Amino acid sequence: MKYAIVEISGRQFWIETGKYYDLNRIPTELGKEITLNRVLLVNNDGELLIGKPYLDSVKVKGKILEHLRGRKTIVYKMRPKKKTRKKQGHRQDLTRVLIEEITIN
């Protein structure tokens, strides 16, 4: 089983080939190929490669499938005994990326 741990937009993802992941919005057009180069760790069928902090010899290729918005989260702020309340909704802009291959040089 080959997988990689990749840092994208400040978050770390456990990535496998053939699966898709929802990442923070990447401002590119649909169908474009992207390369993720901030690879922290790779497991290649039991052989572990750990970066310090990143692995330069490993590239992860993906394809942008769609741009979407996440589920609504409610932000509710209240100050007790002051009669102030603030209710706000937020939907995060996301990009769905299909991971095509993990290449090790």
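Mentor: Strands here are DSSP runs of E with at least two residues, numbered from the N terminus, and two of them pair if DSSP finds at least two bridges between them. The model is predicted.

Trainee: In S10, which residue is the bridge partner of Gly62?

Mentor: Gly62 belongs to S7, where it is also the bridge partner of Ile34. S7 and S10, residues 93-104, pair in the antiparallel sense. On the S10 side, the partner of Gly62 is Ile99.

Trainee: How many bridges join S4 to S7?

Mentor: S4 spans residues 33-36 and S7 spans residues 58-69, and the two run antiparallel. Ile34 has its partner Gly62 in S7. The number of bridges joining S4 to S7 is four.

Trainee: Which strands are the edge strands of the open sheet?

Mentor: Four strands form this sheet, in the order S3-S10-S7-S4, with antiparallel pairing. Neighbouring strands are turned by 45° against each other on average, direction ignored. An edge strand pairs on one side only, and that describes S3 (20-24) and S4.

Trainee: Is Asn43 buried or exposed?

Mentor: Asn43 sits in strand S5, residues 39-44. The relative accessible area of Asn43 is 13%. The cut-off is under 20%, so Asn43 counts as buried.

Trainee: The side chain of Asn43 reaches the backbone nitrogen of which residue?

Mentor: Leaving aside neighbours within four places in sequence, Asn43 is in contact with Met1, Lys2, Tyr3 and Leu48. The backbone nitrogen in question lies 2.8 Å from the Asn43 side chain. That nitrogen belongs to Gly46.

Trainee: Tyr3 and Trp14 form an aromatic pair of which kind?

Mentor: The count of aromatic pairs comes to one. The rings of Tyr3 and Trp14 are 4.1 Å centre to centre, with 15° between the planes. Planes under 30 degrees apart fall in one class, so the Tyr3 and Trp14 pair is stacked.

Trainee: How many residues apart in sequence are the parts that the pair ties together?

Mentor: Tyr3 lies in strand S1, residues 2-8, and Trp14 in strand S2, residues 11-16.

Trainee: What is the relative accessible area of Trp14?

Mentor: Tyr3 is buried, at 13%. Trp14 is partly exposed, and its relative accessible area is 44%.

Definitions and conventions: Residues numbered from 1 in each chain as written. Predicted model: local features only at pLDDT ≥ 70, side-chain atom pairs only at ≥ 80, totals over all residues. Heavy atoms only, no water. Axes fitted to C-alpha atoms, helices over the stretch in contact; angles between N-to-C directions. Buried < 20%, exposed > 50% of the residue type's maximum accessible area, 1.4 Å probe, protein only. Polar contact = N/O pair within 3.5 Å; in protein donor to acceptor, adjacent residues only side chain to side chain. Contact = heavy atoms within 4.5 Å. Phe/Tyr/Trp six-rings, centres within 6.5 Å; stacked < 30°, edge-to-face > 60°.
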